[in-house]
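Hi everyone, thanks for coming along. Let me put the sequence and the model up on the screen, and then I'll walk you through it.

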Amino acid sequence: MGQLIVVSNRVTQPQVGQAVGGLAVALNDALKDHGGTWLGWNGAQVSDTHPLEFQEQQHDQVTYVTTPLNHNEYQNFYSGFANNTLWPMLHSRLDLMVEDPTQFQTYQQVNQRFAQKIAEIAQEDDIIWVHDYHFLSLAEQCRQLGLKNRIGFFLHIPFSDTDHWQQLHVANTLLTDLLAYDVIGLQTQADQDECIEVYQSLLNTAIKHNTIFYQQRRVLVQAYPIGIDPYAIQQAAQGDNLLLQDYFDPIPKHNVPWIISAERVDYSKGILERLDAIESWIKEQQASDCFAVIQVACPCRMEVETYKHLYNSVNQRIASINQDLSSLEGQPIYVTNQMIPHHQLMQLYKKSAVCWVNSLKDGMNLVAKEYIAAQDPNNPGVLILSCHTGAAEHMQQALIVNPHDIKSLKDALSKALDMPLSERMIRYHALIKDLELNDIYAWRASFLKDLRHANTRHLHEV
Ligand code: GDG
C-alpha cells in the first residue's frame, strides 16, 4: 500500500512540547501510521517577485511540504475567493459574498501550483486526502496532469443549497471540478442531501443512492461527521496550569457560575446575537451578578473588511454592556482576544458551568464537543447549542436553541443555570457516550476506508 498525502490550507507541524488541537493530531497520526506527506501553506506571505518554492522537512516519520503564498495569492486566493466568496456563500451569507473573476483565476492557479507539486511527489499507489474549500479544483488539476491516484475531499464547512450555489457565476466549473475526486466527504447528513440535490438540479447528473455518475466516473458523496479525542481532552482538562491573569484583565469573578464561549471572531458564529441575549436577560432579571461570561474571541482574517468590522463591533459591544451593567461585584463579561494554549482552554471549559455555542451556520463546531469531553462526569456543565451547527445533528441532549430567536436563547440560559445535577448527568452521559463512539479516529478511519475502496475509473481511461 502506498503512502498517504494530506493537503490542507494550513499545515500544522507539531512542535516539541506544544499541544495542538485534535484535528492536527489526528491527521499527523494518520500520516505516521501510513507513512506520509502533509502539503500546504506555511503561513508566510512573500512579495510577488519572490520565487515560490515548496520546502520539505521531516519530523517523526512525516514529511511536511510547505510553501509561502505570494502577495497576489494571499489577496486573491486566500482572502479573496476562498474567504470572501466561497466562505460566505457556503455559510448562506450572500449579502457578504463578493465575486471577482481575477480572484477566481488566482484560486485556480494556486490549485494548479499545488497539483504540480503533488504530481512531482505522488507515487502510483499513494492516496491523497484534500481538506476544505480552498481546494475544490485540486483533483481536477491533478487529473489534467495525468494523476490516476485515489483522491478524496473533505469539506469542513457546510455545503449549502441550490439557491446559494446558483448565485455563484463559476458554480458549474467548481461543481464539475469537484467530480474529479473519488469521495466527497461532508460533515452531516443534511450536507450530504444538499450536495446531491445541487448536483441533480444544477448539473443534472445521474445519481444512485449517494453515488454520482459523471462521464464514466463514480463519485461517492458521504457524510463523515468529524469527532474529537475525548480521552486526550479529559487528560488535558485535569491539569491545573490555567493562568487567568495572562489572558483576562480584570480576571473573571470566581463566586458565580461561568458561561464560556470560544471561537474565532467570525460572522458565522453568532457572537453579537448571543451578546444581545445576554444583555436582555440581565436587564429583564435585574441580575448582573448571577454569572460571569467568559468570551475567548480570537481575531482572524483581519485583512478582510467584514472581519475587521465584526472584530471591532464585538469588542465595542462587550465594552458597552460592561459599562452599563457592571456592579460593585464586577462586570458581566470577561473577554480575551488572545489564543489560549490548548490545555488551559480545556481547563477553562471544565471550570465553566455552561458553554454557549450560538453559530448562525457551522459545519460541525468542535468547541461543543470539546466542552462536553472536558467536563467532570460527577458534576458536568450544560451545553447550549445552536440548531444550525452540524454538531446539533447528533448532540440532541444539549439545550438546542435557535440563535435568531432571542426568547429561545434567554429561556435556554435560565434553564441551563437552574438545571439540577441529576438532569445534567443524564444529558452528559448520553453526549459523552456518542463522542467516545464517534471519535476523531473513527472519522479518519471511515473516510480513508471509503477512499481506499472507491471504485474509480478516470476520464483519461475512457
Ligand atoms: C472549521 C468549521 C468545523 C478556539 N479558540 C482557541 C482555540 N480554539 C479551537 C477550539 C476548536 C477550534 O479552535 C475551533 O473549531 P470549530 O469547529 O469550533 O470552528 P472553526 O474554526 O470554524 O472550524 C467547523 C471545523 O472546521 C472542523 O471540521 O467543526 O464547523 O467552521 O478546536 O478549541 N484553541 C486554542 N486556543 C484558543 O484560544 N488552543
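**Around the ligand**

Let's start with Glu370, where a polar side-chain atom sits 2.5 Å from an oxygen atom of the ligand. Taken alone, the ligand exposes 740 Å², and the protein buries 84% of that; these accessible areas come from the Shrake-Rupley method with a 1.4 Å probe, and for residues only the protein chains shown count as cover.

Before I go further, a word on what you are looking at: this is a predicted model, where local features need pLDDT of at least 70, side-chain atom pairs count only at pLDDT 80 or more, and totals for chains, interfaces and linings use all residues. Residues are numbered from 1 along each chain as its sequence is written, and side-chain values use heavy atoms, with hydrogens and water left out.

Back to the ligand. His156 has a polar side-chain atom 2.6 Å from an oxygen atom of the ligand, while Met364 brings a backbone N or O atom to 2.8 Å from a ligand oxygen. Which residues come nearest to the ligand? Of the 23 residues around it, they are His156, Arg264, Ile340, Asp362 and Glu370, where being near means that a heavy atom of the residue lies within 4 Å. Strand S12 (292–298), helix H11 (342–351) and helix H12 (366–374) each supply at least two residues of that shell. Helices (H or I, at least four residues) and strands (E, at least two) are DSSP runs, numbered from the N terminus.

For the cut-offs, buried means under 20% relative accessible area, exposed over 50%, and partly exposed in between, with a 1.4 Å probe and protein chains only. Along the chain, Arg264 and Cys298 are 34 residues apart, yet their C-alpha atoms are separated by 4.7 Å. Leaving out residues up to four places away in sequence, Arg264 touches Trp87, Lys269, Ile271, Cys298, Cys300 and Arg301; contact here means heavy atoms within 4.5 Å.

His91 is found in the loop between H2 and helix H3 (101–121). Is His91 buried or exposed? It is buried, with a relative accessible area of 4%. Again not counting residues up to four places away in sequence, His91 touches Ile157, Pro158, Ser268 and Lys361.

**Domains and cores**

Now let's zoom out. The protein chain is divided into domain 1 (4–227 + 441–461) and domain 2 (230–437), with bounds from an automatic or database domain assignment. Their C-alpha centres lie 30 Å apart. The contact takes 27 residues from domain 1 and 22 residues from domain 2.

The largest nonpolar core has 95 residues, and those with the most contacts inside it are Val7, Leu138, Trp165 and Leu174. By nonpolar core I mean a set of buried Ala, Val, Leu, Ile, Met, Phe, Trp, Tyr and Cys residues joined through side-chain atoms within 4.5 Å. Helix H2 (residues 71–90) gives the largest share of this core, nine residues. Why does the core lie between the two domains? Domain 1 and domain 2 both give residues to it, so it lies between them. Apart from it lies another core, of 63 residues, among them Tyr64, Val183, Val256 and Tyr334.

**A few local details**

Asp182 lies in the loop between helix H6 (171–178) and strand S7 (183–186) and, at 2% relative accessibility, counts as buried. Its side chain makes a polar contact with the side chain of Arg143 (3.1 Å). A polar contact is a pair of N or O atoms within 3.5 Å; within protein, one must be able to donate a hydrogen and the other to accept it, and residues adjacent in sequence count only if both atoms are side-chain atoms.

Pro250 is found in the loop between helix H8 (230–237) and S11. Asp132 has a positive phi of about 80 degrees although it is not a glycine, and Asp132 is buried, with a relative accessible area of 12%.
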